[in-house]
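Please look over the sequence and the structure first.

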Amino acid sequence: MSKTYIGHGFVLRENPWEAEIDPIATGKQLCSKRIAHDLTQQELSDIICEYCVETAGRNAISGWETGRKTPSLNHVVFLAWLYDCTIDELVVRFQDTDPADAGAARPPIFLLFFDAPAGVGRCKTGVKAA
């Protein structure tokens, strides 16, 4: 089991790479959601530029959908709101390639980062963080 530092403390995971975003699979998911909502990349860009806190041009959206770039957290949150889905439905992470685990349920990404073992998350004074 490995230790990974994620800003607020160490989180133990058997395979830390499972939490990493798969840019190509995420891009395919973003593209399918956009098409399901009958939007072109330019139309999506116009909506993002008008309503999101960050702008994104058609080329940026193309980069997301091909896996060359990964959208910012602000963009992911906005797209989840726009498509009326969860962030976990948009962001795809690398899966364990072990065939024995192929059907195993995986926790949402949020739990991988914030389900810390006891004792993690203490500040320098020794008081448990809220």
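## The cavity and the core

Helix 3 contributes three residues to the lining of the largest cavity, the most of any element. The model is a predicted one.

The count of cavities of 30 Å³ or more comes to one. The largest cavity holds about 30 Å³ of space. Its lining is made up of Leu-30, Arg-34, Leu-44, Ile-61, Trp-64, Glu-65, Leu-79 and Tyr-83. Sorted by class, six of the lining residues are nonpolar, two are charged and none is polar. At least two lining residues come from helix 1 (23-36), and helix 3 (58-66) likewise supplies at least two.

Arg-34, one of the lining residues, belongs to helix 1. Is Arg-34 buried or exposed? Its relative accessible area is 9%, which is under the 20% limit, so Arg-34 counts as buried. Leaving out residues up to four places away in sequence, Arg-34 touches Leu-39, Thr-40, Gln-41, Leu-44, Glu-65 and Tyr-83. Among these contacts, Leu-44, Glu-65 and Tyr-83 also line the largest cavity. Leu-79 lies 45 residues from Arg-34 along the chain, and 9.2 Å separates the C-alpha atoms of the two.

The largest nonpolar core has 15 residues, and those touching the most other members are Leu-44, Ile-48, Trp-64, Leu-79, Tyr-83 and Leu-90. Helix 2 (41-51), helix 3 and helix 4 (73-82) are the elements that give two or more residues to this core. In soluble globular proteins, nonpolar side chains tend to be buried together.

The structure has zero disulfides. Cys-52 takes part in none, and the nearest cysteine sulfur, in Cys-49, is 8.8 Å away. With a relative accessibility of 11%, Cys-52 is buried.

The table sets out the relative accessibility of two residues discussed above.

| Residue | Relative accessibility | Class |
|---|---|---|
| Arg-34 | 9% | buried |
| Cys-52 | 11% | buried |

Conventions
Residues numbered from 1 in each chain as written. Predicted model: local features only at pLDDT ≥ 70, side-chain atom pairs only at ≥ 80, totals over all residues. Heavy atoms only, no water. Disulfide = S-S within 2.5 Å. Buried < 20%, exposed > 50% of the residue type's maximum accessible area, 1.4 Å probe, protein only. 1 Å grid on protein atoms, 1.4 Å probe; cavity = no way out; pocket = protein on both sides within 12 Å on 5 of 7 lines; lining within 4 Å. Points joined across faces, edges and corners; volume = space filled by probe spheres on them. Helix = DSSP H or I, 4+ residues; strand = E, 2+ residues; numbered from the N terminus. Nonpolar A, V, L, I, M, F, W, Y, C, P; charged D, E, K, R; others polar. Core = buried A, V, L, I, M, F, W, Y, C linked by side-chain atoms within 4.5 Å. Contact = heavy atoms within 4.5 Å.
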